[in-house]
Amino acid sequence: RRAAMRRLLDILKSPALMQTETMAELLKKIFSEAFRTALKEDAAPRTIDFLRFLREATPNPRLLRILVFYLYPADDEWRTPEVRAEAVRAIADTAALGGLVPLLYGLRDDDGAVLRATDQVLARLCEQRSPVGEEVTPLTEEEKTQSRRFWYRWLHGTEGAAKVAASIEALRDCVKLDVSFNRENRTQPIVDALAQIVLLDPELAFEAWKAGYEFFVAYMGMDLRPVDQRDGPVTPAQREAVTRAVGEWLAGR
């Protein structure tokens, strides 16, 4: 089965195939079937093979929606720290700046190796260097704290907020803004990352927050502002009410 998976990956490496509009959906179907059924007992190494293949093949930003799924440390046994760390690298290499918000979510991972990978790709994408350096060993608890503090300080500064706003614009090119599809798939990790890293952050500059909320409305087709305030652009005065509504939406979904 492992040989068969490698052969399948070789077939999918065709640059022409990787650039087609349906490639992301094709990969989603193939691998959801493979990893959750016949290959389930050995899914972690196969998932890593898959993610490495995506990094080495012609990058396709449309795969971001799928890649973010592998970053979330859910209960699935195959979504190991090694899988999550490889997902971090795959997101950075296939979606570049459009993957910044999901990558910031990776800072919440408890595993030192995952957080190390996140720190390194953020340093590359944002041209910053955190105090933990570029060692290959997993981060210690103290280093985890140092890394998170560094990136959250950067995020709340002028440069970080501008980069987040730009990344949200790039994110529009990575996922389809198909309201009917996205509303039927409300547990999409991209929405969770956007909400928790951007929309629920009271310290983020308004312009970055505004870009995030406008993307949320376009992605989900849901404007959570009071009904009588939905005409016109989002204003700073509406932020508190919207943030509260986003939190309630996440909690009750």
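1. K144 is buried, with a relative accessible area of 6%; buried here stands for under 20%, exposed for over 50% and partly exposed for values in between, with a 1.4 Å probe and protein chains only. The model is a predicted one, in which local features need pLDDT of at least 70 and side-chain atom pairs count only at pLDDT 80 or more, while totals for chains, interfaces and linings use all residues. Residues are numbered from 1 along each chain as its sequence is written, and side-chain values use heavy atoms, with hydrogens and water left out.

2. The partner of K144 is E141, and the closest N and O atoms of this salt bridge are 2.9 Å apart. The term salt bridge requires a side-chain nitrogen of Lys or Arg within 4 Å of a carboxyl oxygen of Asp or Glu. Both E141 and K144 belong to helix α9, three residues apart, about one turn of the helix. Helices are DSSP runs of H or I with at least four residues, numbered from the N terminus. In contrast to the buried K144, E141 is exposed, at a relative accessible area of 58%.

3. D201 lies in the loop between α12 (189-199) and α13 (206-220), whereas R239 lies in helix α14 (residues 239-252). D201 is buried yet has no salt bridge, and R239, its nearest side chain of opposite charge, is 5.8 Å away.

4. Where does the side chain of R239 meet D201? It reaches the backbone oxygen of D201 at 2.9 Å. This is a polar contact, meaning a pair of N or O atoms within 3.5 Å; within protein, one must be able to donate a hydrogen and the other to accept it, and residues adjacent in sequence count only if both atoms are side-chain atoms. Leaving aside residues up to four places away in sequence, R239 touches D201, P202, L204, A205, F206 and W209. With the same exclusion, D201 touches L155, H156 and R239.

5. The salt-bridge count comes to eight. One of them joins the side chains of E86 and R52, at 3.4 Å from N to O. E86 lies in helix α6 and R52 in helix α4 (residues 43-56), so the pair ties together parts that are 34 residues apart in sequence. E86 is buried, with 3% relative accessibility, while R52 is partly exposed, with a relative accessible area of 42%.

6. Within helix α10, R172 and E169 are three residues apart, about one turn of the helix. Their side chains meet in a salt bridge of 3.8 Å, N to O. Both residues are partly exposed: R172 has a relative accessible area of 27%, and E169 has 41% relative accessibility. As for shared partners, salt bridges join R52, E86 and R89 into one network.

7. A96, although not a glycine, has a positive phi of about 50°; A96 is found in the loop between α6 (81-95) and α7. At 35% relative accessibility, A96 is partly exposed. E127, also a residue other than glycine, has a positive phi near 55° and lies in the loop between α8 and α9. E127 is exposed, with a relative accessible area of 69%.

Terms used
Helices (H or I, at least four residues) and strands (E, at least two) are DSSP runs, numbered from the N terminus. Lys and Arg count as positive and Asp and Glu as negative; His and the chain ends are not counted. Contact means heavy atoms within 4.5 Å.
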